[in-house]
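Please read the following report beside the sequence and the coordinates. It goes through selected sites, backbone features and helix packing in turn.

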Amino acid sequence: MTAPEPPYAVLAELTHRCPLACPYCSNPLELETRAGELDTDSWKRVLIEAAEIGVLQVHFSGGEPCARTDLEALVEHATQAGLYTNLITSAVTLDRRRLDRLKAAGLQHVQISFQDTRPEGNDRVAGFPGAHERKRRAARDVVAAGLALTVNAVVHRHNIDHADEFFDLALDLGAGRIEVANVQYYGWGLLNRAALMPTRDQLLRMDAVVRERIPGLKGRLVVDYVVPDYYAHRPKACMGGWGRRFINITPSGKVLPCHAAETIPGLAFETVRDRPLGAIWRDSPAFERFRGTGWMPPPCRDCDRREIDWGGCRCQALALSGDAAATDPVCELATDHAQVAALAEREAARSDEPFVYRRHS
Ligand code: SF4
Ligand code: FES
């Protein structure tokens, strides 16, 4: 067994608590409790361990990371360890005073998610009245505080026709980057797939808008565009490949190759409470299971894209084919590919499907 390359980034899910209730959330259906969360000192140790094994970036996420009162202390610790720090937040509880404290602690970047460009649609999807107004205010505070801002536009069938407005919103707020991210169907998102899936026509219209806007935004707004998997011909290189670039740490300290890995039966995940992060990254059976290309079935095994998309997404293969070790069915070379677009079209037609809002039990 050869040692893996150092990971590039850690997603530190500080808590699963969140004031919003978005039905597209990729957190697991069984959310972790506050009582089970890692304490401040444990997170500090983990941040040092991350830097020691070569991690460059830490993304503080959740749930809502601002629910942790020790966020400033963790940002400061990560900064001192030499990590680039990003805060991924709903921003509804973020005010200027806290932003100033986070900036003083070393925070470099803030990513704020928007559920829609329009207040009514945004607040309905978020399950939080007034969320849109709070987000706009917080985004302006981020820019005023001199921090880099990314607008995360989470796209689904209820807002996909507002793609144009998302660019205007990001420009108006002073963001340097926008992530136009079609919903990924994991966790609560998978549960709500039929309520969120856009139609193919909607997708084609959005695609045209995005491609038309990108040239005019050059030098003003960086655009990251995540296409919806279910209508694609080739899968995404999920996480840049399993166990290659990325570590996800849950609020209780479980170390995962991706946010949905716990849905895969038969994998056991180690925790930073029991073993150092570097040891888990190096040889944990869960990371080894789909690392590299040795696990691949045909046609991936002989495909010239096998070290480009790394076989797509294991959690998606499980969700769509019932087998995490199968070729991702989003790939048109997979035997069950045709069923994926058919499923998307069927679900997109269920226009009155209600949301199941994310909730902490
Ligand atoms: Fe990627 Fe496998 Fe499809 Fe080739 S066959 S494009 S490696 S998913
Ligand atoms: Fe788990 Fe893609 S989300 S491998």
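## Annotated cysteines

Where is the place of C18? C18 sits in the loop between β1 (9–13) and α1 (40–52), where helices (H or I, at least four residues) and strands (E, at least two) are DSSP runs, numbered from the N terminus. This is a predicted model, in which local features need pLDDT of at least 70 and side-chain atom pairs count only at pLDDT 80 or more, while totals for chains, interfaces and linings use all residues. Residues are numbered from 1 along each chain as its sequence is written, and chains are lettered from A and ligands numbered from 1 in the order in which they are written.

The UniProt annotation "binding site", from an unreviewed entry, covers C18, C22 and C25; UniProt positions are given in the numbering used here, feature names are shortened, and annotations may be inferred rather than shown by experiment. C18 counts as buried because 25 other C-beta atoms lie within 10 Å (buried means 20 or more other C-beta atoms within 10 Å of the residue's own, exposed 12 or fewer, and partly exposed in between, with C-beta atoms placed from the backbone). Not counting residues up to four places away in sequence, C18 touches G62, G63, E64 and S90, contact meaning that the C-beta atoms of two residues, placed from the backbone, lie within 7 Å. C22 lies in the loop between β1 and α1 and is buried, with 25 other C-beta atoms within 10 Å. When neighbours within four places in sequence are left aside, the contacts of C22 are Q115, V125, A126 and R358.

## Surroundings of ligand 1

Which residues are the closest to ligand 1? They are C300, C303, R305, R306 and C331, out of 14 residues that surround ligand 1; a residue is near a molecule if its C-beta atom, placed from the backbone, lies within 6 Å of it. The shell around ligand 1 divides into six nonpolar, three polar and five charged residues, where Ala, Val, Leu, Ile, Met, Phe, Trp, Tyr, Cys and Pro count as nonpolar, Asp, Glu, Lys and Arg as charged, and the others, Gly among them, as polar.

## Backbone features

Most residues other than glycine have a negative phi, and most peptide bonds are trans. A cis peptide bond joins G62 and G63, with omega about 5°, and G63 belongs to the loop between β2 (57–61) and α2 (71–80). The bond from P298 to P299 is also a cis peptide, with omega near 5°, and P299 is placed in the loop between α11 (285–289) and α12 (314–321).

M239, although not a glycine, has a positive phi of about 60°; M239 is in the loop between β7 (222–226) and β8 (246–249) and counts as buried because it has 23 C-beta neighbours inside 10 Å. W310, likewise not a glycine, has a positive phi of about 55°. The loop between α11 and α12 holds W310, and with 27 C-beta neighbours inside 10 Å W310 counts as buried.

## Helix packing

Two packed helices are described by the angle between their axes and the distance between the axes. The axes of helix α4 (residues 119–126) and helix α5 (residues 131–144) come within 7 Å and cross at roughly 105°; axes are lines fitted to C-alpha atoms, for helices over the stretch in contact, and angles run from 0 to 180 degrees between N-to-C directions.

In α12 the buried residues are R314, C315, Q316, A317 and L320, and what covers them includes α13 (337–348). G322, with a positive phi near 80°, follows α12.

A279, in helix α10 (residues 277–283), is partly exposed, with 14 C-beta neighbours inside 10 Å. From C-alpha to C-alpha, A279 and E49 are 9.9 Å apart in space, and they are 230 residues apart in sequence. G82, in the loop between α2 and β3 (84–89), is exposed, with 11 other C-beta atoms within 10 Å; G82 and I48 are 34 residues apart in sequence and 9.1 Å apart in space, C-alpha to C-alpha.
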